[in-house]
Amino acid sequence: MAKPAKVMLNVPAIKADFPILQRTIRDKRLVYLDSAATSQKPKQVIDATSDFYSRYNANVHRAIYELGEESTREYEGAREKIAAFIQAKSPTEIAFTKSTTESLNLVAYGYGLKGKIQKGDEIVGTVMEHHSNHVPWHFVKDHKGAVLKYVDVKDDGTLRMEQYDDLLTDRTKIVTVSLCSNVLGTINPVKEIAKRAHEVGAICVVDAAQAAPHMPIDVQDLDADFLAFSGHKMLGPTGIGVLYGKQELFEATEPLLGGGEMIREVHLGSAKWNDVPYKFEGGTPNIAGAIGLGVAVDYLTKIGMEAVRGHEMEITEYALEKLARLKGVQTYGPKDVKKRAGVVSFTIDGAHPHDIASILDVEGICVRSGHHCAQPLMERFNLPATARASFYIYNDMDDADALVAGIKKVQEVFA
Amino acid sequence: MSISYDMYQEQILDHYKHPRNKGLLAGATKNARDSNPLCGDEVVLHVKVDGSDRIAEVKFEGQGCAISQASASMLTTMVKGMPLSDAEGLGRDAVLKQLGIPLSAVRLKCALLSLHVLKLALGQKADVAT
Ligand SMILES: Cc1ncc(COP(=O)(O)O)c(C=O)c1O
């Protein structure tokens, strides 16, 4: 297959939008390679949240006065932008949460634990999930007697799809999978996974925390039933997340939080819920966060998600090539950048990932080390920990080169 | 404290690459294990106390970063032969002084894990790592 055309974003122009990237770390240039944990924020997003507080702060949906109308308009406007960003049919299929974690818990609780799942029903996950797509399903197992099954990962970092077919039965009710792994970078064939889930009458829940920031998503094309992601990993504020759900599934899902906003009427001892998605948004929401996320989506849309993906493929390919040439350095996940995102886990012989991260920190380079909230995957690969570099729109080849130079320093220290 | 290569001074790397008192200890009278959930660093201590309430033997097992493992190795050399009461009185400052390197808040947990495990082995409750 032909290599996609080389698409490199105008990184200096993008960098200029990110105030934090102007700072130094102990007199060294800041090389931020931890966007998989959280991304940096452009001034457009920072300004949008501060603008909300300084110009039209008011609670949403309840106020009659002008300020409240403005805040409600912007909050709902953000919902519309997010719906368009992932090709949802309607903004009513978008619920605001605080994070991917809350979104996945909402599905596990509202659709699983309080909903359709009966004793003996089966939930199929994968070995490569983040803890936030494992633990909520443990709750469903513990409280409802559901049976959990897992698709294994091959040595090359891709899912064992043949095994997936064998795991599906007429008792399978939920299949839950990440669109992109936060450790291996693997992009999973979610469209295919959802199709086969639907063939046995199961729904497909998608953790898009590492995908939504980095590649185009079309929930209708994927035919995902639920899809979760976090604002803070895609240039948005912390404390705001999204749960997409097909209208009819949203209707069939119980709320996680009871309180104001999520009700139609309340009587002593009983209540009638509000329409979707409002029934999932009990209490005063993170208004500034939602508005900021809307602006983050504007920012990404203006660049174009195809261009974002193309840019990251170029850097990832470059970095993987350079790392492959270093003796004593291993990288994990697919080697083919068409099958992976810009998340690069690596280890260095003789140096613990924490020491790698500490030494890179001295050089001003931010990478993560540890189990990356994916202990079952680390066990599968027999790794106590890895170091992880991840790329985004504000990174370029210089950053990849800085990483390689930093790794050489680590090797000198531990030689 | 400044964060620099000082963290990886020769004596730290030496203890990391050539750990002292590493392994199992037959006839250990006190054992404890703990890990640092954030990093997965793990230290196990085996202590043998003799008739005159002295730490006659001490060994450690573990895996993790240079700081946690070097600190465990150094701690064993420090407490071997020590009266139990002295070991019980051992505080974080003594351990950090022996390490003698600048540490960030996160790495402090790595450095103090072995002291924490020693306290567990001796049946003390003090949470030294926080
Ligand atoms: C794949 C994946 N899923 C879920 C999460 C959880 O996201 P959050 O902490 O924003 O809820 C993360 C973030 O670390 C992730 O990488």
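Thr301(A) has its place in helix α10 of chain A, which covers residues 287-303; helices here are DSSP runs of H or I with at least four residues, strands are runs of E with at least two, and both are numbered from the N terminus. The model is a predicted one, in which local features need pLDDT of at least 70 and side-chain atom pairs count only at pLDDT 80 or more, while totals for chains, interfaces and linings use all residues. Residues are numbered from 1 along each chain as its sequence is written, chains are lettered from A and ligands numbered from 1 in the order in which they are written, and side-chain values use heavy atoms, without hydrogens and water.

Thr301(A) has a relative accessible area of 49% and is therefore partly exposed, a term for values between buried (under 20%) and exposed (over 50%), computed with a 1.4 Å probe on protein chains only. Between the C-alpha atoms of Thr301(A) and Asn395(A), which are 94 residues apart along the chain, the separation is 18 Å.

Chain A also holds an open sheet of four strands in the order β13-β14-β17-β16, with antiparallel pairing, where two strands count as paired if DSSP finds at least two bridges between them. Because β13 (329-331) and β16 (368-370) of chain A each have a single partner strand, one side of each is left without a neighbour in the sheet. β13(A) pairs with β14(A), residues 343-348, in the antiparallel sense over three bridges, and within this pair Gln330(A) has Thr347(A) as its bridge partner.

Strands β1(B) and β2(B), the latter spanning residues 41-49, are joined in the antiparallel sense over seven bridges, and Ser35(B) stands opposite Glu42(B) in β2(B).

The table gives polar contacts, meaning pairs of N or O atoms within 3.5 Å.

| Ligand atom | Side chain with the N or O atom | Distance |
|---|---|---|
| oxygen | Ser99(A) | 3.4 Å |
| nitrogen | Asp207(A) | 2.5 Å |
| oxygen | His232(A) | 2.7 Å |

Taken alone, the ligand exposes 390 Å², of which the protein buries 86%; these areas come from the Shrake-Rupley method with a 1.4 Å probe.

How values were computed. A polar contact is a pair of N or O atoms within 3.5 Å; within protein, one must be able to donate a hydrogen and the other to accept it, and residues adjacent in sequence count only if both atoms are side-chain atoms.
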